[in-house]
Amino acid sequence: MDLSTNYLGLKLKNPLMPGASPLVDDIDVVRALEDAGASAIVMHSLFEEQITQEQVAEFAHTEGPAESFAEATSYFPAMTDYSLGPERYLRQIERIKETTDLPVIGSLNGVSPGGWSHYAKYIEQAGADALEINVYYVATDPREPGNEVEARTLNILKDVKKSVSIPVAVKLSPFFSSPAHFAMQLDAAGAAGVVLFNRFYQPDIDIEELAATPHLELSRSPELRLRLRWAAILHGNLKGDIAVSGGVHTMEDVIKSIMAGASGVQLVSALLRKGPSHLGYLLAQLRSWMEEHEYASVEQMRGSMSLRKCPDPSAFERANYLKVLQLWKVDAHKREGWPGPVEPRA
Ligand SMILES: Cc1cc2nc3c(=O)[nH]c(=O)nc-3n(C[C@H](O)[C@H](O)[C@H](O)COP(=O)(O)O)c2cc1C
């Protein structure tokens with residue numbers, strides 16, 4: 001049984017890897033992930049704000065009066081709010097490379113064009129085999145048109161690609177008018193892959209305190225469907241690879257991701273909930289499911305349910321929307337009474 005996959009120019013023993021998260025901060029956890037069978041490690045992000053803060057600190061140290069430094073740095077979260085600062089981040093990549101045999105995918109996270117993206121070079125020099133860039137940008141200015149938001153990410157990709165020779169993937173947001181077209185533009189600009197998708201942490205409103213409160217909830221399997229749809233739409237349209245990130249919890253989720261077209265399947269919430277050994281459990285289940293269903297390789301399965309190949313592509317398209325809405329019959333509720341069922345009633 002051949003579980004191997006090619007992702008970002010790397011030959012990986014299987015598609016399963018931990019996605020960007022603090023799991024990489026502890027070397028024992030990284031070792032446990034390797035023991036469980038992870039095929040690569042995605043670092044959590046190094047943020048533009050951390051890099052800029054370090055640059056401000058260096059500048060203040062050499063050029064500026066102490067007060068202006070204090071004022072400038074107060075705009076940013078304290079360095080200690082992040083688990084690994086830029087220097088320690090690079091040392092952690094080196095340490096993972098020394099201690100394990102795992103390919104390491106670095107992660108850079110920022111939104112503005114400019115200086116911080118040169119850090120990609122340091123990540124490469126520290127030993128990263130590939131790099132993920134995450135442009136976690138919330139377009140809050142209603143005057144900013146969509147094409148400028150897209151250009152921002154494209155320019156960051158181009159800047160980063162100028163400083164490194166390792167493959168660079170882009171972790172995408174689902175909130176583009178045409179995510180598939182944008183992914184193809186990134187592909188044409190040399191992205192070695194796209195990671196579907198960024199998960200935006202939505203603030204809530206505290207109605208008593210009149211405050212917007214940040215919320216980070218771990219995902220559940222239903223979130224995978226957004227990724228499945230776009231992986232299925234994109235499969236066969238890109239030179240680069242597709243990774244799925246978001247809502248992968250079970251062996252079925254892994255199989256669906258591959259069938260939709262993913263070469264890489266990233267897990268975070270599932271591993272934070274159940275620990276590194278869950279990855280091994282999923283791999284064992286994947287193997288026996290493939291055996292039972294007579295698949296010889298992951299390659300054979302990849303993209304078999306993509307938009308181009310699946311027997312009923314309308315499920316990914318508008319036609320599906322009409323069908324799904326019609327499943328709910330108000331008549332049936334009236335007849336049989338409320339509260340209604342959780343599942344549609346014909
Ligand atoms: C605690 C935590 C920290 C994360 N840190 C990062 C990060 O540094 N960079 C990044 O690109 N994504 C980060 N993510 C997002 C994950 O990589 C992933 O895309 C998201 O959690 C969806 O996958 P999941 O459903 O498997 O959790 C983080 C997620 C969590 C829960």
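Mentor: Helices here are DSSP runs of at least four residues and strands are runs of at least two, numbered from the N terminus. By that count, this predicted model has 14 helices and 13 strands.

Trainee: Thanks! Why is Asp-253 called buried?

Mentor: A residue counts as buried if 20 or more other C-beta atoms lie within 10 Å of its own. Asp-253 has 21 such neighbours, so it is buried. Across the protein, 40% of the 346 residues are buried.

Trainee: Where is Asp-253 found, and which residues does it touch?

Mentor: Asp-253 is in helix 9. Leaving aside residues up to four places away in sequence, it touches Ser-221, Leu-224, Gly-247 and Val-248. Take Ser-221: it is 32 residues from Asp-253 in sequence, while their C-alpha atoms are 7.2 Å apart.

Trainee: What share of the protein's contacts joins residues 24 or more positions apart?

Mentor: Among contacts with a separation of 6 or more, the share is 69%.

Trainee: Back to helix 9, then. How does it pack with helix 11, and what makes the crossing left-handed or right-handed?

Mentor: Helix 9 (residues 251-260) and helix 11 (residues 277-292) have axes 9 Å apart, at an angle of about 65 degrees. A crossing is right-handed if the near helix is turned clockwise from the far one by less than a right angle. Helix 9 passes helix 11 in a right-handed crossing. On the helix 9 side, the contact uses Met-251, Val-254 and Ile-255; helix 11 brings Leu-282, Gln-285, Leu-286 and Trp-289.

Trainee: How many residues of that contact are nonpolar, polar or charged?

Mentor: Six are nonpolar, one is polar and none is charged.

Trainee: What about the largest nonpolar core: which members touch the most others?

Mentor: Ile-41, Leu-131, Ala-169, Val-194 and Ala-231 do, in a core of 86 residues. Helix 8 (residues 224-234) gives the most to this core, with seven residues. As for Val-194, its contacts beyond four places in sequence are Ala-169, Val-170, Leu-172, Ala-183, Leu-186, Gly-240 and Ile-242.

Notes
Residues are numbered from 1 along each chain as its sequence is written. This is a predicted model: local features need pLDDT of at least 70, side-chain atom pairs count only at pLDDT 80 or more; totals for chains, interfaces and linings use all residues. A nonpolar core is a set of buried Ala, Val, Leu, Ile, Met, Phe, Trp, Tyr and Cys residues joined through C-beta atoms within 7 Å. A residue is buried if 20 or more other C-beta atoms lie within 10 Å of its own, exposed if 12 or fewer, and partly exposed in between; C-beta atoms are placed from the backbone. Two residues are in contact if their C-beta atoms, placed from the backbone, lie within 7 Å. Axes are lines fitted to C-alpha atoms, for helices over the stretch in contact, and angles run from 0 to 180 degrees between N-to-C directions. Ala, Val, Leu, Ile, Met, Phe, Trp, Tyr, Cys and Pro count as nonpolar, Asp, Glu, Lys and Arg as charged, and the others, Gly among them, as polar.
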